[in-house]
Amino acid sequence: MVRRQLYLALGGALIVIGALVWWFKVDGSEPVARLEGDSEVVGRNAEWAVDIRSPGRSGIASVEIRLVSGDRNFALAERRFEANGWFGSGVDALRVPVEADLGSLGVPEGPAALEVLVETHGWRLFDRPAPIAGRFPQVVDRTPPSGEVISDQHNLRVGGSAIGIFRVAPDATDVEVVVGNYRFPVTRGYFRDPALMLGVFAVPQDVLPSVQPTLRVRDAVGNILDVPIRSDIRPRQFRERTLRIGDQFLARKIPQLYSAQGLGVPGSLLEGYLRVNGEGRRESEKRLAEVAGKTEPRVLWSGAFRRLARSETMSEFGDRRSYSYEGKIVDKQTHLGVDLASLKRAEIGAAQNGVVVFAGDLGIYGATVVLDHGLGVATLYGHLSSIEVAVGDRVEVGHILGRSGESGLAGGDHLHFSTMVHGVHVDPAEWWDAKWLRDHVDAKISTFPPAHTVLTEGEADGQ
Ligand SMILES: [Zn+2]
């Protein structure tokens, strides 16, 4: 009697344990994968992100992601998760980013499928292959858009500007000129032929003459074509200058610059100066890069740019400045414009026809006006004592923008004048030179008919 009850209890316990094992380890719910985004075409450098969910109780054991093209499989990613006890890996949701260079993998162009295989730590009743948790059709397009450089040999000097003319396929979505770490956007829609594009670029003053300017063309799926732009770049030795800074100058400038820029109060005048000349300078350059985006896709200038009349050059473009305080060099910066001194509160005229894209306080530059002259070319007028134009104003060459002064980090009344190409400071002397402008810019632009009638002097201001 007792023995029979014992058997029953034992049997009952076995059934309960069996049910528990079944419930924990043999679950019928399959993992599911989802592809983020809705792109069905991938370029040479493919990027995906896969979300995986395993509703079962035993956790994910492995994930395998592969691209299937015809009868070939290309393994792209693999993840493994060890079981840490009876309850499996504990991983039931997962995001797997996948990056692959389909070119070096040798994936053929055309239709393919991204397959996601997921194993769990659950027991399987029958020995099946790893279940496919998701299969996503994709088309592989590894061919970059075509592009060529039409303009001839580009003769430049470090710190100088150039213009390139390019023919680019219509499937190109991004076109730019790359010079070292600098990128210059290319202007579309200037020429009647929509395949032709034009790009004003520069070899910035801090780039080595061995740099290779390159036309970079990219399509919607990230395929890239790089075409070298034939260039002869002459080196340039910039001047070394030491500037002495004294307490009197700092006491006059620093507290005022700090309150204007909303920076925290510095520990000492020198520390304050170093922050203004460092962080403050970088902040102003960031602002200029934003302003540079507001450029018209046409030429607004007519003839050479004008230099401030009857003025003396106090500092040149590219001067390597060392700042000395109490006999010690405390800072080094590069002077990215030209300092021109004339009379006190001299009238400052527009160097060429243009549109005011900035008018106001600009950190170390003080009260500043920036004019856009089209195609990414801009001029900057800094340290002004007054501003007589507003953003959006169209001005003709010579139009009075304001008066010279010593606002910002200026020690005396002068104009800080800078010429920029897509926000990068270049040597203004080239743009002041009528012959250089004609041969290096205007002649190249006029090789092909423009989409719109070219404006002549005077018309730019009308409307
Ligand atoms: Zn200056």
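1. Helices (H or I, at least four residues) and strands (E, at least two) are DSSP runs, numbered from the N terminus. The model is predicted, so local features need pLDDT of at least 70 and side-chain atom pairs count only at pLDDT 80 or more, while totals for chains, interfaces and linings use all residues. Residues are numbered from 1 along each chain as its sequence is written, and side-chain values use heavy atoms, with hydrogens and water left out.

2. W86 is partly exposed, with a relative accessible area of 40%; here buried means under 20% relative accessible area, exposed over 50%, and partly exposed in between (1.4 Å probe, protein chains only). Together with F87 and W123, W86 forms a nonpolar patch on the surface, with about 360 Å² of accessible area. Patches are made of residues with over 30% relative accessible area and no salt bridge; like charges are joined within 9 Å, nonpolar side chains (Val, Leu, Ile, Met, Phe, Trp, Tyr) within 5 Å. Accessible areas come from the Shrake-Rupley method with a 1.4 Å probe, and for residues only the protein chains shown count as cover.

3. An open sheet of five strands shows mixed pairing in the order β2-β8-β7-β4-β5; two strands pair if DSSP finds at least two bridges between them. At its edges stand β2 (41–42) and β5, each of which pairs on one side only. Eight bridges connect β4 (residues 60–69) with β5 in the antiparallel sense. S69 has R72 in β5 as its bridge partner.

4. An open sheet of three strands, ordered β9-β11-β14, has antiparallel pairing. Its edge strands, β9 (147–149) and β14 (196–202), each have a single partner strand, so one side of each is left without a neighbour in the sheet. From one strand to the next the twist averages 30°. Strand β11 (residues 161–168) runs antiparallel to β14 and is joined to β14 by seven bridges; G164 stands opposite G199 in β14. Helix α6 (residues 434–445) packs on this sheet and touches β11 and β14, its direction making about 15° with that of β11. Contact means heavy atoms within 4.5 Å; axes are lines fitted to C-alpha atoms, for helices over the stretch in contact, and angles run from 0 to 180 degrees between N-to-C directions.

5. Side chains of opposite charge can pair when their charged atoms come close. The whole structure holds 23 salt bridges, a salt bridge being a side-chain nitrogen of Lys or Arg within 4 Å of a carboxyl oxygen of Asp or Glu. In one of these, the closest N and O atoms of E316 and R239 are 3.8 Å apart. This pair links distant parts of the chain, 77 residues apart: E316 is in the loop between β19 (312–315) and β20 (320–325), and R239 is in the loop between β17 (231–234) and β18 (240–244). E316 is partly exposed at 34%, and R239 is partly exposed at 25%.

6. R252 and E406 form a salt bridge whose closest N and O atoms are 3.0 Å apart. R252 belongs to helix α3 (residues 247–261) and E406 to the loop between β28 (400–404) and β29 (415–421), 154 residues apart.

7. E347 and R403 also meet in a salt bridge (3.6 Å, N to O). Because E347 lies in strand β23 (residues 347–349) and R403 in strand β28, the pair ties together parts that are 56 residues apart in sequence.
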